[in-house]
Amino acid sequence: MKTIISAALISIAAGSAAFAAVQPIPGSLTYDNANVQLEKAPAGSTFFHTFSNGDGRDVREIYKVNADKTVTLVNRTLSNAS
(Lines give C-alpha, C1' and ligand atoms only; values in the text may rest on other atoms or scores of the structure.)
Protein backbone atom coordinates (compact mmCIF):
# COMPACT_ATOMS: atom_id res chain seq x y z
CA MET A 1 0.00 0.00 0.00
CA LYS A 2 2.85 2.40 0.85
CA THR A 3 4.38 1.67 -2.53
CA ILE A 4 1.19 2.61 -4.36
CA ILE A 5 0.84 5.85 -2.41
CA SER A 6 4.50 6.72 -2.99
CA ALA A 7 4.19 6.02 -6.71
CA ALA A 8 1.08 8.19 -6.92
CA LEU A 9 2.78 11.10 -5.14
CA ILE A 10 5.82 10.86 -7.40
CA SER A 11 3.57 10.86 -10.47
CA ILE A 12 1.72 13.93 -9.25
CA ALA A 13 4.95 15.76 -8.50
CA ALA A 14 6.40 14.94 -11.92
CA GLY A 15 3.21 16.01 -13.65
CA SER A 16 3.03 19.31 -11.81
CA ALA A 17 6.66 20.12 -12.66
CA ALA A 18 5.94 19.58 -16.35
CA PHE A 19 2.78 21.64 -16.10
CA ALA A 20 4.67 24.53 -14.53
CA ALA A 21 7.24 24.65 -17.35
CA VAL A 22 7.26 27.80 -19.48
CA GLN A 23 5.72 27.06 -22.87
CA PRO A 24 7.09 28.67 -26.06
CA ILE A 25 5.00 31.36 -27.77
CA PRO A 26 5.34 32.82 -31.29
CA GLY A 27 8.73 34.55 -31.32
CA SER A 28 10.33 32.12 -28.87
CA LEU A 29 13.44 30.34 -30.12
CA THR A 30 11.87 26.96 -29.41
CA TYR A 31 8.38 27.75 -30.75
CA ASP A 32 6.79 25.12 -33.01
CA ASN A 33 9.28 22.45 -31.80
CA ALA A 34 12.28 24.25 -33.28
CA ASN A 35 15.44 22.26 -32.61
CA VAL A 36 17.89 24.97 -31.55
CA GLN A 37 21.46 23.84 -30.92
CA LEU A 38 24.39 26.03 -29.93
CA GLU A 39 27.92 25.05 -30.94
CA LYS A 40 30.12 27.04 -28.57
CA ALA A 41 28.01 27.76 -25.49
CA PRO A 42 28.98 25.78 -22.39
CA ALA A 43 26.41 23.42 -20.90
CA GLY A 44 24.56 25.01 -18.00
CA SER A 45 25.03 28.56 -19.24
CA THR A 46 22.07 30.87 -19.80
CA PHE A 47 21.27 33.57 -22.32
CA PHE A 48 18.51 36.07 -23.06
CA HIS A 49 16.26 36.42 -26.10
CA THR A 50 14.15 39.57 -26.47
CA PHE A 51 11.42 40.18 -29.04
CA SER A 52 8.18 42.12 -29.52
CA ASN A 53 4.96 40.16 -29.12
CA GLY A 54 2.96 42.32 -31.53
CA ASP A 55 0.90 44.35 -29.06
CA GLY A 56 3.68 46.79 -28.17
CA ARG A 57 5.12 44.75 -25.33
CA ASP A 58 8.63 43.35 -25.27
CA VAL A 59 9.12 39.74 -24.23
CA ARG A 60 12.37 38.72 -22.54
CA GLU A 61 13.07 35.02 -22.28
CA ILE A 62 15.86 33.18 -20.51
CA TYR A 63 17.19 29.95 -22.00
CA LYS A 64 19.51 27.34 -20.48
CA VAL A 65 22.01 25.37 -22.58
CA ASN A 66 21.70 21.61 -22.01
CA ALA A 67 24.56 19.09 -22.10
CA ASP A 68 23.59 18.04 -25.64
CA LYS A 69 23.80 21.71 -26.79
CA THR A 70 20.02 22.08 -27.13
CA VAL A 71 18.29 24.88 -25.25
CA THR A 72 15.44 24.94 -22.74
CA LEU A 73 13.17 27.91 -22.09
CA VAL A 74 13.26 28.54 -18.33
CA ASN A 75 11.70 31.98 -17.77
CA ARG A 76 9.72 34.72 -19.53
CA THR A 77 8.91 38.30 -18.55
CA LEU A 78 6.76 40.87 -20.33
CA SER A 79 7.38 44.61 -20.31
CA ASN A 80 4.56 47.02 -19.60
CA ALA A 81 2.85 48.44 -22.67
CA SER A 82 3.93 52.01 -23.41
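Two strands pair if DSSP finds at least two bridges between them, and the strands themselves (E, at least two residues), like the helices (H or I, at least four), are DSSP runs numbered from the N terminus. With that in hand, select histidine 49: it stands opposite glutamate 61 in E2. Now move to glutamate 61 and look towards E3, where its bridge partner is arginine 76.

Before going further, a word on the model. It is a predicted one, in which local features need pLDDT of at least 70 and side-chain atom pairs count only at pLDDT 80 or more, while totals for chains, interfaces and linings use all residues. Residues are numbered from 1 along each chain as its sequence is written, and side-chain values use heavy atoms, with hydrogens and water left out.

**The whole chain**

Zoom out and colour by secondary structure. The protein chain has 1 helix and 3 strands, running α-β-β-β from the N terminus on. Of its 82 residues, 17% are buried; buried means under 20% relative accessible area, exposed over 50%, and partly exposed in between (1.4 Å probe, protein chains only).

Next, select the hairpin formed by E1 and E2: 5 residues lie between the two strands, and glycine 54 in the turn has a positive phi of about 100°.

**An aromatic pair**

Which residues form a stacked aromatic pair? Select phenylalanine 47 and tyrosine 63: their rings are 5.5 Å apart centre to centre, with 15° between the planes. (Rings of Phe, Tyr and Trp, the last by its six-membered ring, pair if their centres lie within 6.5 Å; planes under 30 degrees apart count as stacked, over 60 as edge-to-face and the rest as tilted.) Phenylalanine 47 belongs to strand E1 and tyrosine 63 to strand E2, 16 residues apart. Tyrosine 63 is buried, with a relative accessible area of 0%.

**The core**

Centre on valine 65. Its contacts (heavy atoms within 4.5 Å), leaving aside neighbours within four places in sequence, include Ala41, Phe47 and Val71.

Then select threonine 30, in the loop between helix H1 (2-19) and strand E1 (46-52). Is threonine 30 buried or exposed? Threonine 30 is buried, with a relative accessible area of 14%. Not counting residues up to four places away in sequence, threonine 30 touches Pro24, Tyr63, Val71 and Leu73.

**Two backbone stops**

Most residues other than glycine have a negative phi. Asparagine 33, in the loop between H1 and E1, has a positive phi of about 60° although it is not a glycine. Asparagine 33 is exposed, with a relative accessible area of 75%.

Finish at lysine 69, in the loop between E2 and E3. Its phi is near 75°, again a positive value in a residue other than glycine. Lysine 69 is partly exposed, with a relative accessible area of 27%.
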